[in-house]
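Please look at the sequence and the structure first.

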Amino acid sequence: MSVKGKSTQPLGSSTRLLHAGVPPLRDGTGPVNVPVVRTSTVRFADTAAYADVHHRRAAGERVAGYGRHGLDTHQALEDAVTELEGGHRAFLAPSGLAAISLTLLALLAPGDHALVADNVYAPVRRVDDGLLKRIGVTLEYFSPGHDDLAALIRPNTRLVYLESPSSLLFEVIDLPALAAVAAARGITVVADNTWSGGWFYKPLALGANVVVQAATKYIAGHSDLMQGIVVVDSPALAAKLTLTYEALGLTIGADDAYLSLRGLRTLPVRLAQHQRHATLVAKALQRHPQVARVFYPALPEDPGHALWQRDFSGSSGLVSFEFRDADVSVANAFVDALQHFSIGASWGGYESLALIAPPERLAAYRSWTSTQPVVRLHIGLEDPQDLIADVEQALAKAAALQAARAPTLVAA
Ligand SMILES: *Cc1c(COP(=O)(O)O)cnc(C)c1O
């Protein structure tokens with residue numbers, strides 16, 4: 001759609017994203033952005049209008065009968081993320097993890113079995129241990145690219161859950177191949193698309209049925225809110241999600257919906273810049289003698305590069321690297337010496353971050369066999385030469401520590 005409702009020619013993806021959820025003009029005029037509509041009660045002109053709205057809601061139509069259902073701001077964000085992911089309908093959750101829990105609760109019932117990639121966002125295991133086991137749902141973890149998915153499918157397997165690339169080593173999964181195996185058996189495929197912000201990767205077009213995302217990250221883009229989205233590809237899945245969404249009483253604040261929508265308008269330009277800077281930092285790391293391996297799918301040396309080139313249109317701001325002949329104290333010294341990177345979880349904001357990849361999380365990946373420490377960097381929008389200089393001086397400090405202790409390391 002065009003902002004004036006007149007365009008007929010096919011539009012590019014940026015134009016479509018920027019036009020999605022723009023408020024219609026009223027009496028020939030109107031604002032650029034949708035207003036922040038905060039309310040609890042929704043008012044009705046008369047009892048017939050009240051009955052009409054509740055009847056239409058019951059039939060599955062997206063109309064608000066109450067504040068929890070979300071009014072203009074919520075609907076505009078839903079429309080924009082539905083457009084972004086190329087889906088049928090979106091649901092807004094108070095965090096990325098809530099979006100994941102909502103999806104698993106909506107699509108799995110007692111006695112069901114689901115296959116989950118072993119390198120997914122680690123708190124998925126908390127949903128498993130704290131919630132799903134208790135209600136008789138079994139999650140089984142598989143190693144994408146190593147295990148044969150078809151051989152793991154049981155008669156009660158209902159869902160395959162994956163994240164590509166993964167959050168610490170950015171392993172790229174052959175989604176079309178896995179989705180074909182699942183589709184042949186009527187199994188729903190759920191993909192966490194947080195890494196790409198929905199911009200560089202379109203899982204629904206590659207065979208997934210449901211996308212979840214932490215809008216907290218690239219969609220919001222400014223490290224100032226928590227939010228999750230779920231986008232489904234069919235009315236049948238929308239109906240299932242709606243039942244659980246309403247049963248849990250989920251909603252988000254209109255202010256947060258507005259902030260996410262605002263973030264979405266600059267998602268393409270921010271991601272292009274994250275990609276440019278992250279590529280420069282990744283290449284600088286590759287040249288460094290203290291670095292054994294750099295994990296960034298856009299690098300030709302990355303194991304996922306061929307799949308990434310086939311299925312993705314870009315690479316975001318996350319870069320991990322493995323130290324050479326170091327231990328965790330060397331990695332700690334590196335992170336502590338950084339001047340322009342904050343230490344912290346999450347990512348997707350404009351700022352650079354660094355974190356030691358938790359060894360127990362890496363150990364849960366069957367594909368990970370090294371004992372070397374791994375540091376994950378989120379490359380922000382600062383000047384890349386400043387970030388590279390910072391990484392190099394911090395590596396030099398870590399090297400000095402390593403050299404001072406070299407005799408003990410050799411003896412051990
Ligand atoms: C951060 C993250 C989540 C969870 O999102 P929150 O909004 O922090 O709850 C889910 N998946 C991935 C890949 C993430 O990075």
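## Domains and ligand

Between domain 1 and domain 2 there are 16 residue pairs in polar contact, both residues being at pLDDT 80 or more. A polar contact is a pair of N or O atoms within 3.5 Å; within protein, one must be able to donate a hydrogen and the other to accept it, and residues adjacent in sequence count only if both atoms are side-chain atoms. On the side of domain 1 that touches domain 2, the residues divide into 16 nonpolar, 14 polar and 7 charged. Here Ala, Val, Leu, Ile, Met, Phe, Trp, Tyr, Cys and Pro count as nonpolar, Asp, Glu, Lys and Arg as charged, and the others, Gly among them, as polar.

The model is predicted: local features need pLDDT of at least 70, side-chain atom pairs count only at pLDDT 80 or more, and totals for chains, interfaces and linings use all residues. Residues are numbered from 1 along each chain as its sequence is written, and side-chain values use heavy atoms, with hydrogens and water left out.

The domain assignment, which is automatic or from a database, gives domain 1 as 86–263 and domain 2 as 267–405. Their C-alpha centres lie 26 Å apart. In contact (heavy atoms within 4.5 Å) are 37 residues of domain 1 and 42 residues of domain 2.

The two domains bury about 3500 Å² between them, 63% of it on carbon and sulfur atoms. Buried area is the accessible area (1.4 Å probe) that two parts lose on being put together, summed over both. Leu168, Phe200 and Tyr218 supply 25% of the area that domain 1 buries against domain 2, more than any other three residues.

The domains also share 2 salt bridges (a side-chain nitrogen of Lys or Arg within 4 Å of a carboxyl oxygen of Asp or Glu). Asp147 forms a salt bridge with Arg366, with the closest N and O atoms 2.7 Å apart.

The ligand is surrounded by 15 residues (a heavy atom within 4 Å), and Gly96, Leu97, Asp192, Thr216 and Lys217 are the closest.

| Residue and atom | Ligand atom | Distance |
|---|---|---|
| Gly96, polar backbone atom | oxygen | 2.7 Å |
| Asp192, polar side-chain atom | nitrogen | 2.6 Å |
| Thr216, side-chain N or O atom | oxygen | 2.5 Å |

The protein covers 92% of the 380 Å² of accessible area (Shrake-Rupley method, 1.4 Å probe) that the ligand has on its own.
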